[in-house]
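Hi,

Here is the structure I promised to pass on.

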Amino acid sequence: MSDDNKIIRMANQIATFFHSQPADERPGGVATHINKFWEPRMRRQLFDLVDNHGGEGLDGLVLEAVPLIHRPMPQADAPAGLAGGPPAVT
């Protein structure tokens, strides 16, 4: 299974849970969960799916939550040790 498919499946599972919650809590609940438990690399993949593929395959509730999800710094611009890889050796 590709990384994109895993991210889609995981995000949609979160949305499935929050569909059972009150409507006004759903997008915030999805965003809070992703912000709290997904590392920047995973959120970066989610934003790549949204920005470059129109969010294809993502539950509509995930797409509603996207504006509330913290966008990680681009890998090339992140300080050493914060881009999801090993820290730079100096």
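Predicted model: local features only at pLDDT ≥ 70, side-chain atom pairs only at ≥ 80, totals over all residues.

Residues are numbered from 1 along each chain as its sequence is written, and side-chain values use heavy atoms, with hydrogens and water left out.

The protein chain has 4 helices and 0 strands (helices are DSSP runs of H or I with at least four residues, strands are runs of E with at least two, and numbering starts at the N terminus). In order, the elements run α-α-α-α. Of the 90 residues, 34% are buried (buried is under 20% relative accessible area, exposed is over 50%, partly exposed is in between, with a 1.4 Å probe and protein chains only). Taking contacts (heavy atoms within 4.5 Å) between residues at least 6 apart in sequence, 65% join residues at least 24 apart.

Helix α2 covers residues 26–37, and its 12 residues reach 17 Å from first C-alpha to last, close to the 16 Å expected at 1.5 Å a residue (the expected span is 1.5 Å times one less than the number of residues). Its buried residues are Pro-27, Gly-29, Val-30, Ala-31, Ile-34 and Asn-35. What covers them includes α1 (3–18), α3 and α4 (60–65). Over in α4 sits Gly-60, partly exposed at 41% relative accessible area. Gly-60 and Asn-12 are 48 residues apart in sequence, yet their C-alpha atoms are 8.9 Å apart in space.

Now for Arg-43, which is in helix α3 (residues 40–53). What does a buried arginine do here without a salt bridge? The nearest side chain of opposite charge, Glu-39, is 8.9 Å away from Arg-43 (Lys and Arg count as positive, Asp and Glu as negative, and His and the chain ends are not counted). A polar atom of the Arg-43 side chain does lie 3.3 Å from the backbone oxygen of Trp-38. Leaving out residues up to four places away in sequence, Arg-43 touches Ile-34, Asn-35, Trp-38, Ile-69, His-70, Arg-71 and Pro-72.

As for salt bridges, the structure holds 2 (a side-chain nitrogen of Lys or Arg within 4 Å of a carboxyl oxygen of Asp or Glu). Glu-39 pairs with Arg-41, with the closest N and O atoms 2.3 Å apart; Glu-39 is partly exposed at 33% relative accessibility, and Arg-41 is partly exposed at 46%. Arg-71 pairs with Asp-51, with the closest N and O atoms 2.7 Å apart. Arg-71 counts as exposed at 51%, whereas Asp-51 is partly exposed at 45%.

Last, the rings: there is 1 aromatic pair (ring centres of Phe, Tyr or Trp, using the six-membered ring of Trp, within 6.5 Å; planes under 30 degrees apart are stacked, over 60 edge-to-face, the rest tilted). Phe-17 and Phe-18 make an edge-to-face pair, 4.9 Å centre to centre with 85° between the planes. Phe-17 is partly exposed at 48%, while Phe-18 is buried at 16%.

Cheers

Terms used:
Polar contact = N/O pair within 3.5 Å; in protein donor to acceptor, adjacent residues only side chain to side chain.
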